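Let's take a friendly walk through this structure. Have a look at it first, and then read on.

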Amino acid sequence: MLQFYEKCKKAVIEGDSDLALKLATEAIDKNKPVLDVIEKGFVKGIEEVGRLWEDGTFFLPELVMGAEAIKKALSLLNPILSDQQTKGFKKGKVVIGTVEGDVHDIGKTLVATMLSASGFEVYDLGFDVGVDSFIEGADKWGVNCIASSALLTTTMQKQRGIIEKLKERGIRNKYTVIVGGAPCSRKWADEIGADGYAKDAVSAVTLVGKLIGGD
Amino acid sequence: MEPVVLNNIKIEIKEDELLKILGNMGRVESWKGKGIEEKIAEVIELASRLIEPKGIYMIAEGRSLGGTDIFDSLEKMAFSICTIGEKLEKKVGALSREGSILEAVLLDSTGSVAVEETANYIESKIAEIASGEGKKTSPRASPGYGEWKITNQKNLFELLPAGRVGVNLGNSMMMSPQKSISFAIHISETPVRLRGKNFLKKL
């Protein structure tokens with residue numbers, strides 16, 4: 001069994017989506033313990049991809065390929081997890097978007113992809129998202145975390161707007177709020193009263209894991 | 001000098017530059033044999049069909065600029081706004097929506113390389129003109145980078161009819177198409193880097 005988990009892990013590290021899908025199919029066909037296949041196999045793979053990217057061994061396409069490989073496998077495996085197992089595996093829900101007035105999309109999409117590849121349930125609102133839409137989405141899907149991206153010094157003020165609006169509605173403590181994007185920093189997060197700042201997709205996974213995922 | 005429009009600028013998208021922008025500074029070897037090289041070649045080919053490199057530039061005496069006094073201490077400046085058009089970013093959006101994230105990331109990064117090359121081309125044109133007058137040029141500076149405020153983007157758009165190359169400025173100072181670059185260059189026998197205390201006092 002350990003050998004099978006290793007194969008799953010390796011498929012993700014290699015960014016081999018076809019192999020990941022084949023192994024997921026095999027796990028189902030041979031009645032392997034699906035939750036273990038996910039957690040001891042595929043998830044270990046994406047964790048290793050993140051580590052290799054952080055230490056500079058991997059570059060961006062390899063990170064994305066790893067995320068795509070695990071997402072392929074999870075698309076088959078997730079639906080057959082029992083409700084209880086899903087609860088155990090899913091680390092939390094995140095609503096994410098690029099703030100109003102800002103149409104930069106790709107970095108935010110990458111964060112959403114990595115979060116979802118790492119076991120978070122992600123609701124991606126896209127770009128040019130108004131403050132109210134973030135909060136309505138958070139409420140509608142019952143998320144734990146609101147993540148916003150801003151790529152301009154002019155639009156990052158909208159991240160402050162999200163916090164202010166949550167306070168105004170008396171629901172600031174209901175959500176963990178994190179920020180990211182080129183002009184953002186830990187200092188900016190502190191200044192506006194956000195719970196955290198992530199500089200890239202991998203650190204966003206680590207941050208959200210710590211804040212809401214029980215890591 | 002009246003603004004000069006340059007259409008159909010010929011640029012080369014260099015794979016090395018794309019690899020750099022993707023975080024591969026030449027020391028990463030693990031990627032070979034995973035099909036990434038082929039995907040990069042495909043994306044560069046796709047990008048070359050989608051990009052429309054063009055730009056507008058003008059050279060002006062610093063003191064005679066209407067609508068702004070930000071460069072009034074500098075005797076001669078060049079300003080430019082360039083773009084690769086909107087086709088590429090529309091394709092990136094479509095790829096992203098259909099879940100082809102790798103292709104979207106690669107194409108987006110290729111667009112960044114292409115617009116950088118477009119700016120490099122215009123910069124070289126300006127350097128040629130300066131050289132003909134026995135002058136030199138500073139490196140490019142863009143609003144929103146370093147300490148130059150992004151709100152100064154307005155000044156560049158007041159100076160240059162960027163609509164002639166299809167570039168517009170939104171309320172948040174974001175240019176559309178996204179893959180556009182606006183910049184200033186100082187022309188002088190002893191050009192100053194457009195950053196640092198002395199210059200920034202004027203911004």
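Predicted model: local features only at pLDDT ≥ 70, side-chain atom pairs only at ≥ 80, totals over all residues.

Residues are numbered from 1 along each chain as its sequence is written, and chains are lettered from A and ligands numbered from 1 in the order in which they are written.

**Confidence**

The predictor gives the complex an ipTM of 0.87 and a pTM of 0.89. Elements here are DSSP runs, numbered from the N terminus: helices are H or I with at least four residues, and strands are E with at least two.

| Stretch of chain B | Contacts beyond near neighbours in sequence |
|---|---|
| Residues 64-69 | eight contacts |
| Residues 197-203 | 12 contacts |

**Strand 3 of chain A**

Why is strand 3 (residues 145-149) of chain A largely enclosed by the rest of the structure? Because five of its five residues are buried. Buried means 20 or more other C-beta atoms within 10 Å of a residue's own, with C-beta atoms placed from the backbone; 12 or fewer is exposed, and in between is partly exposed. In a regular strand, side chains alternate between the two faces of the sheet. Here A:Cys145, A:Ala147 and A:Ser149 are on one side, A:Ile146 and A:Ser148 on the other, and both faces are covered.

Strand 3 of chain A also has partners (strands pair if DSSP finds at least two bridges between them). With strand 1 (residues 92-98) of chain A the pairing is parallel, over five bridges, and A:Ile96 stands opposite A:Ala147. With strand 4 (residues 176-180) of chain A, pairing is again parallel over five bridges, and A:Ser148 stands opposite A:Val179.

**Where the chains touch**

On the chain A side, 23 residues are in contact with 25 residues of chain B. Helix 4 (60-77) and helix 6 (106-117) of chain A are the elements giving two or more residues to that side, and helix 4 of chain A gives the most, with six.

Key: pLDDT = per-residue confidence, 0-100. Contact = placed C-beta atoms within 7 Å.
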